Amino acid sequence: MSEIDIDAVRADTPGCGEVIHLNNAGASLPPTPVLSATIDFLEAEARTGSYEVASSRVEDLNRVYDAGAVLLGCQANELAYLPSATHAWNAALRSVAFEPGDRVLATTSEYVANVYGLIQLQDEGVDIDLIPEESDGQASLEGLEKLLDERVKLVCATHVPTSGGLVNPVAEIGRLAGEAGALYLLDATQSAGQMSLAVDELGCDFLAITGRKFLRGPRGTALLYARSDLEGLRDPLIMDGRSARWTDDWAYELSEGARRYETFETNVAAKVGFGVAIEYALRIGLDSISKRVTDLADSLRTRLATSPLVRLTDLDGPQSGIVTFYVEGRSSEAVVAALRAWGVNTSVVEPLPSGFDPQRRVAQSLIRASVHYFNTEEELDDAVAAL
Ligand SMILES: Cc1ncc(COP(=O)(O)O)c(C=O)c1O
């Protein structure tokens, strides 16, 4: 694991000269190579025609699959490029051939968009059960084991929730789901770009990630991993000439691998930029990134713990780069707005319905400060001073 050259990565990040960016769990600051590749492609589209440049620069469009395959330890044709993790996760959910009476187990850390998908399934007669938590907020493996039976068709887990530092034991969940013969859908939206992810180790059949957060890609970019040897799946709900080939008046043949989840029209320049963003993260190294992010987040928690009115709300388990807290007697919305006026970017997390919120001991909005490897200890000092 090599040391990250912080001066170099900051020099590569135009936003570092403008703001103290602690909203990497919302959307991070893209580095110059990502910006340049995206803008360059957009300009080429304007000069030469979008379809023409897409067909002459196929290698650029394939970078996202090639780099994504290295990032996740899978094959390039097991990846679909989609506009958001929500699209990716729901495409996976809807490809499972559920029947009334089937069961789905899900972690309490699921993102709101995932929960909406689960509510719809419930309305269609599928039983949904939440995996109990340990006292540190992590999904309980013992609790999961007790819930697993032959009716469980799918286990859903979120690696790192949107609303706190928690990291779920997702490889162990994958092992238990696999042993029980259930499919496993992993939401790695907040962990991608923060820590290493290898689909074989995680044991997942589907995995959703987004581009704009810790991977530092452009907005409107995401990947769905779908294991190539899955059988008995439903055809994607939305299809066009990229997802399938029209073979006869009333017949089609699905495209190979995960390409079936894609449609033709997409933000192609952002796709190129996303590929470059993944390559950038791989060059720095996910283990180095993970160490730096965890150290900075711990360091921020230590600083915040000494502020008299600040109440940290992250629980005790393994932590990510997301730090949540509130300031006694102040609304979190007002604090986030005031910090923003001081050039410090954070965000607000709303309280969730009680069953789904690992931070549920606090019935108010929280402030979310999410660090990345390009942040510095000096920035943390300045942010806490502004607070
Ligand atoms: C844990 C988690 N899952 C899924 C999503 C949805 O990602 P997207 O906005 O790319 O659909 C988010 C977004 O914040 C998230 O935090």
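This is a predicted model: local features need pLDDT of at least 70, side-chain atom pairs count only at pLDDT 80 or more; totals for chains, interfaces and linings use all residues.
User: Let's start with α11. What span does it reach from its first C-alpha to its last?

Analyst: Helix α11 runs over residues 286–305, which gives it 20 residues. At 1.5 Å a residue the expected span is 28 Å, and the helix comes close to that. From first C-alpha to last it reaches 28 Å.

User: Which elements cover the buried residues of α11?

Analyst: The buried residues of α11 are Leu-286, Ile-289, Ser-290, Arg-292, Val-293, Leu-296, Ala-297, Leu-300 and Leu-304. In an α-helix, residues three or four places apart point the same way, because there are 3.6 residues a turn. The cover over the buried residues of α11 includes α10 (268–284), β11 (310–312), β12 (322–327), β15 (366–370) and α13 (377–386).

User: How are α11 and α13 oriented, parallel or perpendicular?

Analyst: Their axes come within 10 Å and cross at roughly 30°. Angles under 35 degrees count as roughly parallel. α11 and α13 are therefore roughly parallel to each other.

User: And which residues of α13 meet α11 there?

Analyst: The crossing of α11 past α13 is right-handed. On the α11 side, the contact uses Leu-296, Ser-299, Leu-300, Arg-303 and Leu-304. The residues of this contact split into five nonpolar, one polar and two charged. On the α13 side they are Glu-377, Leu-380 and Val-384.

User: What is the handedness of the crossing of α4 and α10, left-handed or right-handed?

Analyst: Helix α4 (residues 58–72) packs on α10 at an angle of about 35°, with the axes 8 Å apart. Among the contact residues are Leu-61, Val-64 and Leu-71 of α4, and Val-272, Phe-274 and Ile-278 of α10. As for the crossing of α4 and α10, it is left-handed.

User: How do the residues of the contact of α5 with α6 divide?

Analyst: The axes of α5 (residues 85–95) and α6 (residues 112–123) come within 10 Å and cross at roughly 25°, which makes α5 roughly parallel to α6. α5 passes α6 in a right-handed crossing. Thr-86, Trp-89, Asn-90 and Leu-93 in α5 sit against Ala-113, Asn-114 and Gly-117 in α6. The residues of that contact come out as three nonpolar, four polar and no charged.

User: Where does Arg-216 lie, and is it buried or exposed?

Analyst: Most residues other than glycine have a negative phi. Arg-216 has a positive one, near 65°. It lies in the loop between β7 (206–210) and β8 (222–226). With 28 other C-beta atoms within 10 Å, Arg-216 is buried.

User: Last one: which residues does Val-310 touch, not counting those up to four places away in sequence?

Analyst: Val-310 is in strand β11. It is partly exposed, with 19 other C-beta atoms within 10 Å. Its C-alpha is 9.8 Å from that of Gly-329, 19 residues apart along the chain. The residues Val-310 touches are Leu-304, Phe-325 and Val-327.

How values were computed:
Residues are numbered from 1 along each chain as its sequence is written. Helices (H or I, at least four residues) and strands (E, at least two) are DSSP runs, numbered from the N terminus. The expected span of a helix is 1.5 Å times one less than its number of residues. A residue is buried if 20 or more other C-beta atoms lie within 10 Å of its own, exposed if 12 or fewer, and partly exposed in between; C-beta atoms are placed from the backbone. Two residues are in contact if their C-beta atoms, placed from the backbone, lie within 7 Å. Axes are lines fitted to C-alpha atoms, for helices over the stretch in contact, and angles run from 0 to 180 degrees between N-to-C directions. Angles under 35 degrees count as roughly parallel, over 145 as roughly antiparallel, 65 to 115 as roughly perpendicular and the rest as oblique. A crossing is left-handed if the near helix is turned anticlockwise from the far one by less than a right angle, and right-handed if clockwise. Ala, Val, Leu, Ile, Met, Phe, Trp, Tyr, Cys and Pro count as nonpolar, Asp, Glu, Lys and Arg as charged, and the others, Gly among them, as polar.
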